[in-house]
Amino acid sequence: MKRLLQVMLLLAAVLGLGACGREAAPAEKRLVRVGFSQVGSESSWRKANTASMTAALSEEEGFELLFDNAKQRQENQLLAIRNFIQQDVDYIVLAPIAESGWDDVLQEARDAGIPVIIADRMIDVQDRDLYVSRVGSDFLKEGQQIVRWLERELERRGETGKPLRILHIQGTDGATSQLLRTQALEEAVKAHPEWEIAARLPGEYTEAKSYELVRDFLRTDRDIDVVYSENDNMSFGAIRALEEAGLSCGGDGGVTVLSFDAVREALRLCMEGKISACAECNPLHGPRVAALIRQLERGETPEKETFVEEAFFETGDVTEELLRSREY
Ligand code: AHR
């Protein structure tokens, strides 16, 4: 009897014959379950990236997001991915800390039938089918743009061919953004025998680490023309250390600071002239990742790799209006 009543109620709901003649509520839409393994919260860029991902993969957008912050440790990312596999999510999104070390865990995801999307940095795996798609920046292009800017700037000052000492502050070791921004600088140094890398400092993309390293470096060597800093937060730390040591940043006589990301605070320093040039690295991957998942849900095959559009800024380009309208 109970069973018969249930069937009748179900029929009534399907035929729109609900109580008091009201229309039946539409069947609840299933949320797409996504596990996102984020590197950490080391930089302003990363915080903007997390905000973009959580907004785009929200319940209102049709997703259930399982978020894990790996605090800059690859072993935490491996744990998070295995946890997502156990929870049988529909998709895994990985923002990898470094390029290597992913083959085994991504094979486990594949064995479980879970598609993996790579966001931001790239991975180096034997089998490219271990991930379906990657969306991120063209980090080599960013580095080449900044190096070309430096060449033009030296020409403008009439200093082409003169000795130049560069302090190189590097991001997290083995990350694509570190490897390729470093490659751009190293290629330029090879092409300019008069350019010298005074030191390479492992700033790990954080302001605090960069500040300490630059402060200690300047105790024994103050002969620096250029700081090539692989992200904005490390530039902030470097500028603080340089100024505390009595060195000025920017202008024809000061240290030329070159930076990556172009977050609002860096663009303000660029407008003030303390950062001379800034290559944008766009962190707003959330809507791009959501669009990729929707494509996959429709049974389509997305592009294997998509590079995002990025701008380039020098001091004269930045206005108050630009800063006001900046999303991050
Ligand atoms: O991989 C992107 C880099 O990672 C950004 O340049 C940096 O700020 C971040 O932490």
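Which residue in β9 does Y228 stand opposite? Y228 stands opposite L258. Good morning, and let me place that pair in its setting. The structure is a predicted model, in which local features need pLDDT of at least 70 and side-chain atom pairs count only at pLDDT 80 or more, while totals for chains, interfaces and linings use all residues. Residues are numbered from 1 along each chain as its sequence is written, and side-chain values use heavy atoms, with hydrogens and water left out.

Strand β8, residues 226-229, pairs in the parallel sense with strand β9, residues 256-261, over three bridges. Strands here are DSSP runs of E with at least two residues, helices are runs of H or I with at least four, and both are numbered from the N terminus. Two strands count as paired if DSSP finds at least two bridges between them. The open sheet has six strands in the order β7-β6-β8-β9-β10-β12, and its pairing is mixed. At the edges stand β7 (195-202) and β12 (312-314), each with a single partner strand, so one side of each has no neighbour in the sheet. On average, neighbouring strands are turned by 15 degrees against each other, direction ignored. Angles run from 0 to 180 degrees between N-to-C directions, and axes are lines fitted to C-alpha atoms, for helices over the stretch in contact.

Helix α7, residues 207-218, packs on this sheet and touches β6 (164-170) and β7; its direction makes about 130 degrees with that of β7. Contact means heavy atoms within 4.5 Å. In strand β7 we also find A198. Leaving aside residues up to four places away in sequence, A198 touches R165, I166, F217 and I224.

Strand β1 (residues 32-38) and strand β3 (residues 91-94) pair in the parallel sense over four bridges, and the bridge partner of F36 in β3 is V93.

Next, the helix pairs. Two packed helices are described by the angle between their axes and the distance between the axes. Helix α5 (residues 139-156) and helix α6 (residues 176-191) have axes that come within 8 Å and cross at roughly 35 degrees. The residues that meet include F139 in α5 and S177 in α6. Helix α7 and helix α8 (residues 232-244) pack at about 35 degrees, with their axes 7 Å apart.

Finally, the ligand. Among the residues surrounding the ligand are E42, F139, S177 and D261; a residue is included if one of its heavy atoms lies within 4 Å. A polar side-chain atom of E42 lies 2.5 Å from an oxygen atom of the ligand. For an N or O atom in the side chain of D261, the distance to a ligand oxygen atom is 2.6 Å. The protein covers 100% of the 280 Å² of accessible area that the ligand has on its own, an area that comes from the Shrake-Rupley method with a 1.4 Å probe. Thank you for your attention.

How values were computed:
Polar contact = N/O pair within 3.5 Å; in protein donor to acceptor, adjacent residues only side chain to side chain.
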